[in-house]
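I opened this notebook to record what I looked up in the structure, one topic to an entry. The sequence and the model are placed below for reference.

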Amino acid sequence: MARELTYIEAISEGLREEMRRDPTVFLIGEDIGEFGGAFKVTRGFLEEFSAERVIDSVLAEGAIIGAATGAALAGLRPVAEMQFADFISNGFNQIVNISAKYHYRNFVPVPMVVRLPSGGGIRGGPFHSVNPEAWFLHVPGLKIVAPSTPADAKGLLVSAIRDPNPVLYFEHKFLYRHSRGEVAEGLYEVPIGKADVKRTGTDLTIITYHAGVHWALEAASALAEHGIECEVVDLRSLVPLDRETILLSVRKTGRALIVHEANITGGVGAEIAAIIAAGAFEHLDAPVRRLAAPDTPVPYAAPLEEAFLPNVAKVREAAERLLAY
Amino acid sequence: MYRYMVLMREFENVILRLYQQGKMIGGAYSGRGNEATAVGSAFALGASDAIFPMHRDLGAHFVKGQSVRAMMLTYLGRAGGLTRGRDGTGHYTDRALGIYGNISHLGAMVPVACGVALAARIKKEKTVTLTYIGDGGASIGEVHEGLIMASAMNLPFILIIENNQYAYSTPIGRQFRVSHLSDRAAGYGIPGVTVDGTDVLEVYRVCREAVDRGREGKGPTLIESVTMRMSGHAAHDTAWYVPKAELKAWEKKDPLATFERYLQDRGVLTPSARKTLAAEIRAQVEAEAEYALGQPYAPGEEVEQGVYAE
Amino acid sequence: MSKIEVVMPQLGESLTEGTIVKWHKKPGDKIRKDETLLEISTDKVDSEIPSPASGVITKILFDEQKTVAVRTVIAEIETDEASAVVSASAPPPPDVRKDKPSAAEKAPQAPARPAPAAPPAPAPAPGRFYSPLVLSIAREEGISMSELERLPGTGEGGRVSKKDLLAYLDARKHGTVPPVQDTPSASAPAHQASAPRIESALKHVDSGDLVKKYPAPAHEILQMSNILMKMSEHMVRSVQTSPHVQAIHECDMTAVDRIRRKNAAAFEKREGFKLTFMPFICDAVIKALKQYPLVNSSVEGDKIILKRFINLGIAVASENGLIVPVVKNA
């Protein structure tokens with residue numbers, strides 16, 4: 001059944017329907033109950049589910065993440081919400097030292113999800129716009145997902161909730177209401193660890209996620225008018241990375257451009273570039289390049305943030321330069 | 001109760017000896033002086049209640065039903081141990097017994113324990129969650145966050161601060177300004193009580209009250225159990241910084257000796273029975289040590305397994 | 001001081017003789033180890049023969065154009081120069097050969113290498129960078145470095161990109177680019193840019209009966225090389241013994257290509273050479289022959305001899321001409 005939802009509506013729907021299906025799923029976060037959440041993802045949830053399942057927490061991210069971990073250890077499936085991904089740093093210790101390591105040390109699953117509204121383009125400034133996924137790429141025991149479309153957002157959330165491991169679910173704030181698309185009704189899973197080729201092509205592979213997918217698709221359309229066909233690989237999952245899809249694409253086109261909104265140094269792109277160098281060296285007709293934000297905090301004022309963020313034009317230009325190599 | 005206290009002491013004696021012989025590597029932590037707190041508190045719990053024991057609460061494991069063999073294998077890092085060698089110092093989880101494994105960042109466990117308490121309430125189980133922290137560990141921010149959450153949400157949660165006078169080499173005078181750590185409870189609006197941590201029956205009584213309170217849905221309790229760390233922070237620490245006089249004074253209040261006197265006074269324990277019991281337990285622990293030393297480690301090939309749950 | 005005998009080498013299992021085409025040294029000449037001593041020609045291949053030792057040529061035992069059995073001693077070298085007795089070299093005894101090349105003639109440049117299984121790997125030309133992908137494709141398609149070096153590039157700094165290389169391959173296939181390396185069945189080894197034409201690689205004959213019949217300047221007579229002769233013999237014989245039928249079908253190889261690309265890396269890692277279309281084609285041919293055995297038969301009088309085995313010959317173009325290795329019982 002084809003109907004369109006926004007990215008944020010898809011997340012709400014996935015959350016709501018999974019909570020209906022599985023009574024062990026509960027929510028914990030700041031202002032998510034009566035207030036419906038800072039972004040209104042959980043509007044109406046308190047009415048439908050009890051206060052025991054939609055918990056308005058104290059303002060303490062360490063306690064939120066820790067409590068979610070404990071509840072997961074005790075057999076429930078908590079979905080914790082950070083009001084902004086930026087505040088995950090207050091719960092960093094809980095995630096990297098407790099949630100991530102628990103199963104390896106003690107063989108007990110930690111089936112928890114942490115929802116993290118991330119990303120810029122909303123004039124949020126340095127503490128409301130960050131893309132911190134790379135901090136966690138380096139922590140064994142976590143899974144990390146970052147959907148770019150409403151359909152993927154819903155399916156990945158369902159998969160994340162059902163996964164017996166701690167999953168960091170990065171939802172892009174700008175895409176909340178700017179991304180619209182077809183979303184199937186009912187519950188379905190988008191597998192974690194599988195990328196999606198959103199556009200096939202033969203001349204250049206653009207590997208990206210989140211807002212980058214939309215920039216890449218638009219740039220690819222423009223380039224197609226000049227006879228250039230780009231392949232756009234939407235990672236969807238950052239841990240585990242879908243190496244197979246990445247390498248298959250790069251081996252086909254011989255040119256790889258990695259695009260992400262997060263700062264360039266030590267970002268997800270660096271890991272992917274290493275994977276490509278090792279796995280597709282002989283198929284490369286050009287060096288692997290990355291387009292990402294510069295190594296600065298996210299600035300507040302519009303011209304500064306514009307200069308900071310990648311966009312369609314920058315992606316197109318980077319693609320053209322790579323094609324000219 | 002006495003039996004468990006003796007077991008705790010004998011087990012740690014053996015562990016210390018193995019450490020000194022190089023047969024146990026890493027760190028050997030002693031709970032000497034903490035036996036009453038560990039055993040008395042655990043005794044107040046029911047079989048389904050949850051506990052997060054620290055490294056000086058060995059006795060609590062046994063009270064909750066853990067076997068000596070399993071603990072020995074775990075301490076010696078063997079494949080048959082409860083963590084298969086992936087973590088040491090009693091950092092294991094045995095949900096059937098209600099035992100949850102700490103990490104070395106002890107203060108960080110407090111919110112996790114809150115989560116276990118929360119889960120119990122969501123599941124409508126009438127169980128409580130007990131966790132411990134030290135006089136030093138209590139300075140960690142996550143402890144505060146956990147207490148804030150537990151008190152705001154009225155969770156069936158108990159925190160025992162084991163005030164054994166020293167956090168490694170830092171005496172309590174350099175750690176906090178209040179006279180009693182239980183004073184902090186007022187800041188959270190919950191009951192706080194200080195108890196003589198060398199008196200196992202007192203500890204039991206206070207904990208029992210807290211457990212009942214939690215089970216009845218009346219919320220969390222903060223307990224300060226005052227005792228002394230009779231050994232160094234770990235076997236590698238001679239604790240030269242502790243004034244000899246202080247140690248001498250606390251020796252008079254040794255939890256085992258105190259309880260022995262109590263039991264003997266009431267004719268429950270005779271000197272010969274005491275000797276027999278001690279010998280019996282010692283033999284048991286020695287036998288388990290012997291057994292565990294002969295057991296294999298997990299193979300190196302296993303190192304990458306188990307990062308994720310399937 | 002010792003005498004080294006130079007023998008007619010056996011350059012292939014089934015070869016029994018070789019023809020001396022040209023001596024590069026005469027008696028009394030000094031020679032270094034590995035320096036070219038002579039050129040020979042056999043049924044299968046023409047080859048330069050390097051000297052087995054350093055020293056002085058003391059004897060040349062057979063003249064040019066003489067055919068001798070393999071392992072026959074054809075020359076002798078004295079390995080200690082100082083003690084070599086160098087007689088004022090008597091010219092080799094006059095022989096039957098009618099067609100002594102004129103001094104002015106350019107000696108054939110033919111490198112006459114042993115049958116190459118793959119193009120040789122020369123050093124890259126200085127200056128231009130070739131990406132791993134471009135080099136892979138070049139290897140796969142049998143394009144030598146020298147050929148690559150001559151290609152125009154539209155990439156940065158004149159780099160040859162994959163697009164450029166594929167365009168070149170396409171043009172070459174359609175004959176819109178003069179082939180630098182000859183296609184099979186064409187002609188003599190001619191790889192120099194300076195001498196791409198067959199004629200200039202062959203020896204010019206200007207005496208004998210033929211010259212009377214076909215006088216200059218209206219005619220020019222060239223000596224066929226051994227390998228050219230064998231090739232033409234075989235080809236004519238094949239037309240005489242079997243009727244030639246040609247059919248053309250178009251085959252969409254997309255699926256095959258996909259499998260090939262998917263397995264390329266693993267295959268090469270395992271086997272040490274590249275996975276081309278050839279194995280797939282061979283496999284298909286074998287499967288087809290098994291289904292239609294009549295295609296794999298010969299005629300003897302009024303009988304058809306059906307072969308219950310498949311000997312698959314794969315024609316390989318080399319710089320020296322056409323070679324057909326046969327896979328027995330494929």
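**Entry 1. Helix 9 of chain A**

I began with helix 9 of chain A, which covers residues 243-253; helices (H or I, at least four residues) and strands (E, at least two) are DSSP runs numbered from the N terminus. I found Thr245(A), Ile246(A), Leu247(A), Ser249(A), Val250(A) and Thr253(A) buried in this helix. Buried means under 20% relative accessible area, exposed over 50%, and partly exposed in between, with a 1.4 Å probe and protein chains only.

I then asked which elements the buried residues of helix 9 of chain A pack against. Within chain A they pack against strand 9 (196-199), strand 10 (204-208), strand 11 (230-234), strand 13 (256-263) and helix 10 (268-279). They also pack against helix 3 (162-173) of chain C. Contact here means heavy atoms within 4.5 Å.

**Entry 2. Basis of the values**

I note that this is a predicted model, in which local features need pLDDT of at least 70 and side-chain atom pairs count only at pLDDT 80 or more, while totals for chains, interfaces and linings use all residues. Residues are numbered from 1 along each chain as its sequence is written, chains are lettered from A and ligands numbered from 1 in the order in which they are written, and side-chain values use heavy atoms, with hydrogens and water left out.

I looked at the loop between strand 12 (237-239) and helix 9 of chain A, where Pro240(A) is found. The peptide bond from Val239(A) to Pro240(A) is cis, with omega near -5 degrees. After helix 9 of chain A comes Gly254(A), with a positive phi near 80 degrees.

Arg236(A) is in the loop between strand 11 and strand 12 of chain A. Is Arg236(A) buried or exposed? Arg236(A) is buried, with a relative accessible area of 9%.

I recorded Phe107(A) as well, a residue other than glycine with a positive phi of about 60 degrees. Phe107(A) is in the loop between helix 4 (92-106) and strand 5 (113-118) of chain A. With a relative accessible area of 35%, Phe107(A) is partly exposed.

**Entry 3. Ile11(A)**

I placed Ile11(A) in helix 1 of chain A, residues 7-21. Its relative accessible area is 0%, so Ile11(A) is buried. Leaving aside residues up to four places away in sequence, Ile11(A) touches Val41(A), Arg115(A), Ala153(A), Leu157(A), Tyr169(A), Glu171(A) and Tyr176(A). I also checked Gly121(A), which is 110 residues from Ile11(A) in sequence and 20 Å from it in space, C-alpha to C-alpha.

**Entry 4. Chain B as a whole**

I counted eleven helices and seven strands in chain B. Of its 310 residues, 56% count as buried. A compact globule of 310 residues would have a radius of gyration near 19 Å, and chain B agrees because its value is 19 Å; the radius is taken over C-alpha atoms, and the globule rule is 2.2 Å times the number of residues to the power 0.38. The C-alpha trace of chain B spans about 55 × 50 × 40 Å along its principal axes. Among contacts in chain B between residues at least 6 apart in sequence, 74% join residues at least 24 apart.

**Entry 5. Chain C as a whole**

I counted eight helices and 16 strands in chain C. Of the 330 residues of chain C, 29% count as buried. Of the contacts in chain C with a separation of 6 or more, 53% come from residues 24 or more positions apart.

**Entry 6. Contacts between chains**

Of the two pairs of chains in contact, I found that chains A and B share the most contacts. This contact takes 39 residues from chain B and 39 residues from chain A. Ile122(B), Tyr308(B) and Ala309(B) supply 19% of the area that chain B buries against chain A, more than any other three residues. Chains A and B bury about 3,200 Å² between them, with 64% of it on carbon and sulfur atoms; buried area is the accessible area (1.4 Å probe) that two parts lose on being put together, summed over both.

Between chain C and chain A, 13 residues of chain C are in contact with twelve residues of chain A. The area buried between chain C and chain A is about 1,100 Å², and carbon and sulfur atoms give 46% of it.

Finally, I noted that chain B and chain C do not touch, their nearest C-alpha atoms being 25 Å apart.
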